[in-house]
Each structure stands twice: as C-alpha cells, then as structure tokens.
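This report goes through a structure step by step for a reader new to it. Please look at the sequence and the model before reading on.

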Amino acid sequence: MSQVRAPITIANSGAVWRPGTPTDSKAYGRALLALAEADPRIVCLGADLTGPTETDLFRDRIPDRFFNIGIAEANLMCVASGMARSGDIPFVNTFGVFATRRSFDQVTLQIAYPRANVKLVGFMPGLTSPGGPTHQATDDIALMRALPGMVVVEPACATHVAPLLAQLVAHDGPAYMRIKRGDLPKLFTAESLPPLGKAQIVRPGRDGWIIASGVMVTLALEALDALAEQGIQAGLVNVTSPKPLDTDLVRSLAAEGKPLLVAENHSIVGGLGSAVAEVIAEAGIATRFARLGVDDVFAEGAGAPYLFQTYGLSPAAITRRFAALARPG
Amino acid sequence: MNRPHRLGLEGAALADKALRLRRHVVRMVAPIAEGYVGQGLGAADILAALYFNEMAFDPDDPGWEGRDRFILSPAHYGVGLFAALAERGALPVQELAQYGVDGSPLEIIASERLPGVEATCGSLGMGLSVGVGMALTLRRRASASRVYVLIGDGEMQEGETWEAVMSASAFKLSNICAIVDVNDMQVDGSTKSVMDMGNIAAKWRAFGWNTITLDGHDLDALLAAFAAARAHVEGPTVLLADTIPGRGVTALEGRKAHFAKLPPDVAAQALVELEG
C-alpha cells in the first residue's frame, strides 16, 4: 500500500481516443427527446441518474412522461414492464451495471419473457467508467445476449445514435443499448447505420479483419493506421448489434481464411467475441481468430485512458494483437 | 359502479361462486395428489370477490382495454386464478383438467401463456411493481380501470415489495389496490418463525397506504373494503386479509404446507364437503 498513485477523478476518466477526434455530447438525450415529441407512446424512466443519462432534457420538456423511480432498479424494471403492458414504449435509463446485473431477474421475467416493448439504456459500458467493478459493465452484453428475444446494441458514433433509437422504436420488443456517457466521437454519417442485425464495413481489408463495437471502433481506426505503417492492411467492421449478429457477414469474412480479431470493451467471455466465435465454429471454418477485451478479470477504479492501456484495449494493443495474428510464428 | 363487464354478485350468489372455486381447486390438484391446494382454497374468497363482484372483466376478451387488471404476484396460486377465470367464463371449465399437464398453458406457476394472466410472476416481489407501472399509465390516460395485486405475506420479505409500496405512495396512485394474503405460511414454516415482520399494518401505514385489516374469508367485508379502496382517492389502499390455508376443507384447513399432499381419499372427502 506504500505505492503512491495519482488520485482517481472524473477529470482523468476522459476520452480514450486520439485528441482532436470530433465529438458530440448528449446525442442520446437529444435523440430520445426528438423521438418522444413525435411519439406519445414513449415514456422515460430513471433511477436517480437523470443528469448522467442525459434525460434531464426529456424531464424538462415532457415532465408528464418522465418518471424518476428513485434508487430502486428492481422496481424500475417492473414498473417499465407494467407501462409497456399498457401500451407505452418505456425507455429505461441507468448505468449498464444496474440495467443488467443489478436487476437481471426482473429484466428476464418482466421484460424479456413477455417480450415487453421496453428499451433499456445502460450508460458507462466496460472500462469507460472510473468507478471500478461496481460501475463497470463488463458483462452486460453477456447477460443480455443470453435472454431470448433481447436485442443488444451499442452505437460506435454520435451520429448513429438517433437513427439507432428510431430502429429500436420501430422494433416491437425488448432491447438493451449500452452507450458511453458524455462525448461520443463523430465518425460516420447517419445513413451509414445498417439495419438492425447488419454490420457496417468501415474499411475493406486485404490482410484480414478487425471486428469491433462501441468505442473500440474509434480505437481500431487508430490501429488500422499503425498496422498500415507495418504494411498490414486490415479491414474494419463496426458491429452495432451484437444481437442479432450479422452472421452472414461473419461467415463470409471467416471464409476468407484471413485473421479475424474481435475488439470489444467488455469481458472476452460472452460478449461480441464469443458471439463471433460461435458462428465461426458452427460454420466449421478454421481460421486465425482472437478475442481482445477485458481478459476474464475484474478491473479497478481509475481513469479510462489508464484502464484501456492497462487492460489491453488500447490502439497499440489492438495493433500488436492483429499483427501477431497476421504474422503467426 | 355501473361499469360494463362487472358482475357485482353479493351474498349467497357470491358465496356460491367461492364454493365453486374451491371445488375446482380440489379437482385440479387431485390428479397430481399434491400442490398449492392450501393457497388455492385460502384465497378463494378474495378471488371470488374480485372476479364476481369488484372487477370489470370481459371473459370473451380477457385483454379488453377497459378491464381492471389483476396481478397474481405469488403465481403459485395459479390454481385459484385458473379456477376463477374458468368459472367467470374466460376458459372452458373442462380445460381446468389440463392444470399442470405437459404442454398445457395452465402451468403450475401461472404464466401469461394463458390469456387472462396479466404477468408471469412467482419470482416473488415483482407483481406489485408491475401493477404500479400499469397504474401510472392508466392514470395518465385517464382510464377508469383499476389495478389489483395479490401478494403473499411471505413476499413482504422481498425488498422489491417495499420499493413498490414506496413508489405507489409517492406517486399517489389511488387506482391501485394491493391485497396481502396473510396466511402466516411460507416454505420453511410460519411466516413469523422464518422472518417475523412485526406489525405489518403499521409498516404499510408508515409508507402512506390506506390500510384495511380484515378477515379474508368474509365476503361482505371484502366487498366493503374494495369499495373503501375505490373511495380513497388520496393514494393507494392495501387490504391485509387474514386467511386460513386450506379453508373450506376440514382435513386441510390450517395446515401450513407450501406444497400440500392431497391423497385421493382426502380429495374425495373434500369434494363431498364442498358440495355446500
């Protein structure tokens, strides 16, 4: 305990991508409000995290459809179910850990089982939270993916948020969206978001593919440049929906016989990497494959740049892993 | 209360319905020879009062938007709910023979696979919360529909129950009515012996609920309490209904068994007794 460490503060939990990346803030809060103003079925629920989930915008504009349930996530999920059963489309906003782990039985039985039209929104995915294991949702995709009928999505980019929300509203059934809190990078056009269940080819590859989701797409873009300097031309796929997964695309990429690296801000157990591995294995395709993510460990409370570095989620780590796959031995 | 699809039965006619529910319960559990017969018999009067007097419910359209909602939070009592739905005409009485049969939607733990079951509970503590969500939306839409939630007394040990109690009160939901089946029974024995919750009426009152304590087998008292709940517009009402498990069958009455034996001779004797 004698080691001196810099204090953990929100300030040092900042962006994990290259300085200068254009960003947008409160993309979710604004998109939800716009949708709700056009659709009276949309109601907004939270559990004492109004500001952190950007739903202060909704609360201030449409207070009669905003419900703060207090610090009571079990009740939160079941109240949302009751509203959905009465014809509303509840958006339930909290941190990812609380939307999944904390209230898993309620989400399972009152939202997934009846296919209730509830949209769960979990902020601070993976290591983007400075709060340690209590606040770092490193298993949320695994948990939600296990639920029959549950759609699981994560936008990589601020511009994709509004069209993604529109897709979720158009989909009659439960969905879980994990999304980074605060600024999101602006990477792609709104039109580039594929339909639910389809993935986006960001950059074609000659020497294999990086399959990434969420903030890892931005970091993988940096890795592509570093790999190019080594003469390796990797392609990049942005998976917005780990479930339903674009299995056709995964199979066709794997069939190329080139390296496949899945990069995710989540445990390597049960997340996107697992989902991709399942598809490849069941298709009987033998190829070079690796999962890059939180390597079956708990992290700790610290700033995001530090955590992404320490737990091997940095652009440099992606570069190293892909280069090793591309040049075996 | 001249709402459509509300039967409003009282007196001997209502008592006869309660008796019929008890006969259904015994007939449904008898082929399995054990099950939630104690709960089904114990809650029969509450269910009769709801389905044959208090609630607006269209058996030809169990999902009718104008219905009152009934949520069975301890879904183990499904045997009683199915009996009420059948007796009310929402499913053929002969379908009750399918209770617990493989492939049947009349599952032992009631599931919403059966029309008329509003939510799949049974993982305890959730029903009242779902009811709060329904009540919030119904109120926002100025609906006349009310929400009734039956919960078990053991279920009050679940923390979520109190989250729901707190929120219904904070939102001043006068369109929700909870009924606690106070039968002092849970899996490991008497509720007081497993986890004594002390003065439960004081707890509900402290959370801001209009709290009515009554005999859960007194049909007149139940009807009066439901009327009082409707008249109480400041917030939610709870009926703390004292009941006796197995009520109406001498061999089962007061036996505190979560999953009681019902051997053929006891079932046969029970049916004779319940001929009324």
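How far apart do the C-alpha centres of domain 1 of chain A and domain 2 of chain A lie? They lie 25 Å apart.

## Basis of the model

This is a predicted model, in which local features need pLDDT of at least 70, side-chain atom pairs count only at pLDDT 80 or more, and totals for chains, interfaces and linings use all residues. Residues are numbered from 1 along each chain as its sequence is written, while chains are lettered from A and ligands numbered from 1 in the order in which they are written.

## Two domains in chain A

Domain 1 of chain A spans 24-185 and domain 2 spans 194-322; such bounds come from an automatic or database domain assignment. Between them, 28 residues of domain 1 of chain A are in contact with 32 residues of domain 2 of chain A (C-beta atoms, placed from the backbone, lie within 7 Å).

On the domain 1 side, the elements giving two or more residues are α6 (140-145), β6 (151-153) and α7 (158-170) of chain A. Helices (H or I, at least four residues) and strands (E, at least two) are DSSP runs, numbered from the N terminus. That side of domain 1 of chain A has 14 nonpolar, 9 polar and 5 charged residues. Ala, Val, Leu, Ile, Met, Phe, Trp, Tyr, Cys and Pro count as nonpolar, Asp, Glu, Lys and Arg as charged, and the others, Gly among them, as polar.

## A helix pair in chain A

The axes of α3 (residues 73-84) and α5 (residues 104-112) of chain A come within 9 Å and cross at roughly 5°. Therefore α3(A) is roughly parallel to α5(A) (angles under 35 degrees). Axes are lines fitted to C-alpha atoms, for helices over the stretch in contact, and angles run from 0 to 180 degrees between N-to-C directions.

Residues of α3(A) in this contact include A:Met77 and A:Cys78, and those of α5(A) include A:Val107 and A:Ile111. The contact divides into 6 nonpolar, 3 polar and no charged residues.

## A:Ser267

A:Ser267 is in strand β12 (residues 260-267) of chain A. A:Ser267 counts as buried because 23 other C-beta atoms lie within 10 Å (the cut-off is 20 or more). Leaving aside neighbours within four places in sequence, its contacts include A:Thr138, A:Asp139 and A:Gly293.

## Where the chains meet

In chain B, 19 residues are in contact with 23 residues of chain A. The largest share of this side of chain B, 10 residues, comes from α5(B).

Definitions and conventions. Two residues are in contact if their C-beta atoms, placed from the backbone, lie within 7 Å. Angles under 35 degrees count as roughly parallel, over 145 as roughly antiparallel, 65 to 115 as roughly perpendicular and the rest as oblique. A residue is buried if 20 or more other C-beta atoms lie within 10 Å of its own, exposed if 12 or fewer, and partly exposed in between; C-beta atoms are placed from the backbone.
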